[in-house]
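Here is a brisk report on one protein chain. It starts with surface and overall dimensions, then turns to the fold and a few individual residues.

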Amino acid sequence: MNPENESLLEFPCDFPIKVMGKSHPEFAETIVSVVRHFDSEVDPERIETRPSSGGTYTGLTVTVRATSRAQLDDIYRALTGHPMVKVVL
């Protein structure tokens, strides 16, 4: 069975990815740079930013234009492997 057929998503689609990391002035810019390797049209203006209650962490929701499950997997791998990132959902 083809794993692509098992997906509940229909591609292409807009797909929100939540990223958390330590608060840093360049956190959002860095995350956009990582995602741009896989989605050159990601719009920094559409990124939602939420600081944690203590201000130690920042949560971002980045909406990508997903074209395949493999692309999403690549984005998740790149983000989870980045030193500024603590959690990717």
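## Surface and overall dimensions

The protein chain has an accessible surface of about 5800 Å², and carbon and sulfur atoms hold 51% of that area. Accessible areas come from the Shrake-Rupley method with a 1.4 Å probe; for residues, only the protein chains shown count as cover. This is a predicted model: local features need pLDDT of at least 70, side-chain atom pairs count only at pLDDT 80 or more, and totals for chains, interfaces and linings use all residues. Residues are numbered from 1 along each chain as its sequence is written, and side-chain values use heavy atoms, with hydrogens and water left out.

Along the principal axes, the C-alpha atoms of the protein chain fill a box of roughly 45 × 25 × 20 Å. Buried residues make up 34% of the 89 residues. Buried means under 20% relative accessible area, exposed over 50%, and partly exposed in between (1.4 Å probe, protein chains only).

## Fold

The protein chain comes to 3 helices and 4 strands. Along the sequence they follow the pattern α-β-α-β-β-α-β. Helices (H or I, at least four residues) and strands (E, at least two) are DSSP runs, numbered from the N terminus.

Of the contacts with a separation of 6 or more, 71% come from residues 24 or more positions apart. Contact means heavy atoms within 4.5 Å.

## The sheet

The 4 strands form an open sheet in the order E2-E3-E1-E4, with antiparallel pairing. Strand E2 (48-51) and strand E4 (85-88) are the edge strands, and each pairs on one side only. Neighbouring strands are turned by 25° against each other on average, direction ignored. Two strands pair if DSSP finds at least two bridges between them. Axes are lines fitted to C-alpha atoms, for helices over the stretch in contact; angles run from 0 to 180 degrees between N-to-C directions.

Strand E1 (residues 13-22) and strand E3 (residues 57-66) pair in the antiparallel sense over 10 bridges. Val19 stands opposite Leu60 in E3. Cys13 stands opposite Ala66 in E3. E2 and E3 also pair in the antiparallel sense, over 4 bridges. There, Glu48 stands opposite Thr61 in E3.

How many of the 10 residues of E3 are buried? The count is 8, so E3 is largely enclosed by the rest of the structure.

## Loops and turns

Pro12 lies in the loop between helix H1 (3-6) and E1. A cis peptide bond joins Phe11 and Pro12, with omega about -5°. The hairpin of E2 and E3 has 5 residues between the strands, and Gly55 takes a positive phi near 80° there.

Gly81 is found in the loop between H3 and E4. Is Gly81 buried or exposed? Gly81 is exposed, with a relative accessible area of 60%. Gly81 and Arg46 are 35 residues apart in sequence and 23 Å apart in space, C-alpha to C-alpha.
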